[in-house]
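This briefing covers one structure, grouped by topic. The sequence and the model come first, and the notes follow.

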Amino acid sequence: MSTASPALDHDHDHEHHGPARGLKRWLLTTNHKDIGTLYLLFSLAMFFVGGAMALVIRAELFQPGMQIVDPHFFNQMTTMHALIMVFGAVMPAFVGLANWLIPMMIGAPDMALPRMNNWSFWILPFAFTLLLSTLFIPGGGPAGGWTLYPPLVLQTGQAFPFVILAIHMMGVSSIMGAINVIATILNMRAPGMTLMKMPLFVWTWLITAFLLIAVMPVLAGAVTMLLTDKYFGTSFFNAAGGGDPVLFQHIFWFFGHPEVYIMILPAFGIISHIIPTFARKPLFGYASMVYATASIAFLSFIVWAHHMFTVGMPLAGILFFMYATMLIAVPTGVKVFNWVATMWRGSMTFETPMLFAIAFVILFTIGGFSGLMLSIAPADFQYHDTYFVVAHFHYVLVPGSVFSLMAAAYYWLPKWTGHMYNETLGKVHFWLSVIGVNILFFPQHFLGLAGMPRRIPDYALQFTQFNMISTVGAFIFGLSQLLFLYIVIQTIRGGAKATDQVWDGAKGLEWTLSSPPPYHTFTTAPEVK
Amino acid sequence: MQDPTTNPVAAANRRLTKRLLLVTVAMFGFGFAMVPLYEVLCEVTGLNGRTGSQAAVLEPGMAVDESRTVTVEFVASLNSGAPWEFAPQVTRMTVHPGQFYQMNYHAQNLTGQTLAGQAVPSVAPGPAARHFQKIECFCFTRQVFQPGEGRDMPVIFRLDPDLAPDVRTVTLSYTFFKLDDAGG
C-alpha cells in the first residue's frame with residue numbers, strides 16, 4: 001500500500017531498492033512494514049467477519065422466541081464470534097502495530113527474525129480458513145462456547161479436530177510473533193535507547209510478548225488433552241475414567257486470564273502515546289506506567305479462578321482469588337490516574353485519535369468497575385454466566401481494545417500512508433461508534449442484573465425492551481465500521497500530504513522519518529540522547 | 001547488512017530465540033503438569049467434593065459421637081445416555097458421626113446387552129468430603145450387568161467425628177457412567 005520512493009534508498013544500493021512488485025511482494029516479504037500491513041488488513045477483514053456474526057446474534061435477540069436462526073446455529077455464532085474476534089481481530093491487529101511501529105520506535109532496521117515474521121503471519125489465513133470452513137461441514141462448527149469446556153465441547157461433530165488444529169496454528173503464530181518482538185526489543189535497540197527510555201508501546205508489547213510465550217503453550221496443552229480425550233481414550237477431563245472436567249477450567253483460565261491482558265496491555269501503550277501528543281505534555285509518571293504494566297502482568301497469573309467461583313472451591317481459595325483480583329485495580333488505577341494527570345492543564349485538541357483515546361479512558365474504566373463488581377465472590381454467584389458478564393468484557397474489549405486500535409489507526413495512518421485522513425469523516429465515525437457501542441452494551445448490564453443468562457437464543461418476555469435497544473445499538477455500531485473501512489481506503493489512495501511529524505505534539509523516533517517512511521528505515525542506527 | 005554468521009546481533013538473536021523456544025516448550029509441559037498437581041491438591045484438600053476411591057480402614061474402638069446428628073442425602077444421576085435405571089433406595093438418613101451405616105443403590109440394565117458401568121462419587125459440601133469414609137462401595141469397582149439385570153448395590157459408610165460442627169447436611173452423589181465407550 002505504501003508507495004515507498006526508491007530515491008530514498010540510494011545510499012545503500014547493495015540492498016533492494018524497494019518492494020518487489022505484485023503478489024509475490026506480499027507472499028515472500030520479510031519487511032516489517034509489509035508484514036505489519038498484512039496483519040492489519042487481515043485483522044480488519046476478521047473484524048468484519050466476526051462483526052457479521054455478532055449482528056446475527058443481535059438480530060436473533062431483537063425479539064423473544066426463535067426468529068432467524070436455529071439454536072444450534074446461534075451457538076455456533078456465539079462461539080465463532082468470540083474465537084474470531086479474540087484470535088483473528090484483536091491479537092493480529094496488535095501484532096500488526098508491533099511490526100510497523102516497534103522497529104521504527106527503537107531505531108531498528110527491521111524485526112529481529114524477518115523470515116519467521118513472514119511465516120507467523122502466513123499461518124493465520126490458513127488457520128482461519130480452517131476454522132471458518134467448519135461452518136460448512138456436516139454437524140456445523142464448534143458450538144460449545146469459545147471457552148471449550150468439556151464435556152459439552154466433546155459433543156462437537158466432525159468440526160472438532162479442525163477447530164483444535166486451527167487453535168494450534170493460531171498459537172504457533174502468536175508464539176513466533178512474541179519471540180520476534182522480544183528478540184527485536186532486547187537486541188535491536190539503537191545505541192542510547194535504554195530500557196527506561198523506550199516508548200510505552202514498546203514496553204507494553206515486551207511484557208505482552210512474555211505473557212504470550214508463557215500462556216499460549218498452556219492453551220495448546222489444554223486443547224491437545226481435549227483432542228486425546230475425544231479420540232484416543234484418555235481421561236484428562238472424563239469423570240468416568242477418573243478425570244475431572246473442572247480441571248479443564250483451571251488450565252483454560254490459567255491461559256485465559258493472562259490472555260485478556262494480552263489484549264489490553266498494548267492498548268495501554270497506544271493510549272500512553274496519543275494522550276501526551278494531543279495534550280502537548282509529556283506523559284505523567286512514565287516509570288510508574290512501566291511498573292504498573294509489569295504488576296498487572298504478574299497478577300494475571302494468580303487470579304484465574306475468579307472465572308470459576310461457582311465450581312465449588314474451598315473458602316480459602318475463593319478468598320485468595322477474590323483479593324488477588326481486586327488488587328489488580330491498584331496498578332490499573334495508577335494508569336488511569338496518569339492518563340488523566342497527563343491531560344490536566346494540557347493544551348488539548350480533539351482530533352479523532354484523541355477522541356478515541358479519551359473514550360477509551362472513560363469506557364474502559366466502566367468495564368474495569370464492572371470487573372471489580374464481578375470479583376466480589378458472593379456477588380459473582382449472582383452475576384455468573386449472565387449478560388452482566390457479557391457487558392463487562394465487551395466494555396473492556398470493544399471501547400477498550402478496539403477503540404485503542406481505532407485510535408492507533410487514525411494516529412499512525414498519516415505516517416504509514418503519507419496522507420491525512422478525512423478529519424470530518426473520522427469524527428463522524430467516532431461519534432457513531434461511541435454512541436452505538438453504549439446503546440449496544442450498556443443495557444446488557446441491566447439484563448444481566450435482572451437474570452438473563454448469556455449464550456441463549458431465546459429469553460423471557462421481561463427482557464425484551466433492553467434487548468431491542470441493545471440490538472439497535474449493535475447495528476449502529478456495526479454499520480458505522482463500514483465508514484471506518486471507507487476512511488482507511490480513502491486515506492491509502494490519497495489525501496492531503498502529511499508532514500513528517502504529522503501531529504505537532506508527537507514525540508518519538510517514528511516521527512523523525514518521512515511520511516510515508518522509506519521501505520527500509522534506520523539501516524544506520526540513529527543516536528538516541 | 002553483515003553476514004549473519006559473523007554479525008553479533010544475529011548471533012544474539014539466535015541465542016535468545018533458542019531460550020524463548022525452551023520457555024515455550026517448558027510452558028507446554030507445565031500445562032500437562034497441572035493434571036497431577038491438581039490430582040494431588042484435590043486428594044489432600046478434598047477440593048471439588050473428591051472422596052477417596054479406596055476403602056477406608058476399619059479400626060477397632062472408633063469413637064461414635066452420639067451428641068449430634070447429621071443428615072446424609074443420597075443423589076443419583078446418569079451420565080448422558082447411559083442406559084440404566086439408577087436410584088438410591090432411601091434419599092436421606094439421619095446419622096451419628098462415627099457410626100457405620102449401610103444403604104443401597106438400585107441399578108437396572110435397560111438394554112438387551114451385557115453392560116459395564118462405573119459410579120463416580122462426589123460429596124457436597126466440598127470440605128466435608130475428607131470426612132466421608134466408605135468401607136464398602138460399589139464405586140470401587142466396575143459393575144457388570146447382564147441383559148435386563150437389576151440389583152442392589154451396597155454402600156457402607158461413616159462420617160468422621162472430626163466433621164466440622166456447622167455441617168448439618170452432607171450430600172453423597174453418584175454419577176453412573178457407561179464404560180467401554182471411551183467418549184463417555
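Two strands count as paired if DSSP finds at least two bridges between them. By that criterion, chain B holds an open sheet of 5 strands with mixed pairing. The model is predicted, and its scores are ipTM 0.86 and pTM 0.86.

**Confidence**
- Chain B has an average pLDDT of 82.
- In chain B, 83% of the residues score at least 70.

**The sheet of chain B**
- The strand order in the open sheet is E3-E1-E9-E5-E7 (chain B).
- Strand E3 (92-95) and strand E7 (143-145) of chain B form the edges, and each pairs on one side only.
- On average, and with direction ignored, neighbouring strands of this sheet are turned by 30° against each other.
- Strand E5 (residues 115-124) of chain B and E7(B) run antiparallel and are joined by 3 bridges.
- Within E7(B), B:Val144 is the residue that stands opposite B:Ala116.

**The fold of chain A**
- Chain A is built with 16 helices and 0 strands.
- Chain A is as compact as a globular protein of its length, because its radius of gyration of 23 Å is close to the 24 Å that the globule rule gives for 529 residues.
- The C-alpha trace of chain A spans about 70 × 50 × 45 Å along its principal axes.
- Of the 529 residues in chain A, 54% are buried.
- Among the contacts in chain A with a separation of 6 or more, 82% are between residues 24 or more positions apart.

**Contact between chains A and B**
- On each side of the contact there are 32 residues: 32 residues of chain A are in contact with 32 residues of chain B.
- On the side of chain A that touches chain B, the elements giving two or more residues are helix H5 (159-187), helix H6 (200-231) and helix H7 (245-262) of chain A.
- H6(A) gives the most to that side, with 8 residues.
- The side of chain A that touches chain B comprises 24 nonpolar, 6 polar and 2 charged residues.

Technical notes:
Residues numbered from 1 in each chain as written. Chains lettered and ligands numbered in written order. Predicted model: local features only at pLDDT ≥ 70, side-chain atom pairs only at ≥ 80, totals over all residues. pLDDT = per-residue confidence, 0-100. Contact = placed C-beta atoms within 7 Å. Helix = DSSP H or I, 4+ residues; strand = E, 2+ residues; numbered from the N terminus. Nonpolar A, V, L, I, M, F, W, Y, C, P; charged D, E, K, R; others polar. Rg over C-alpha atoms; globule rule 2.2 N^0.38 Å. Buried ≥ 20, exposed ≤ 12 C-beta atoms within 10 Å, placed from the backbone. Axes fitted to C-alpha atoms, helices over the stretch in contact; angles between N-to-C directions.
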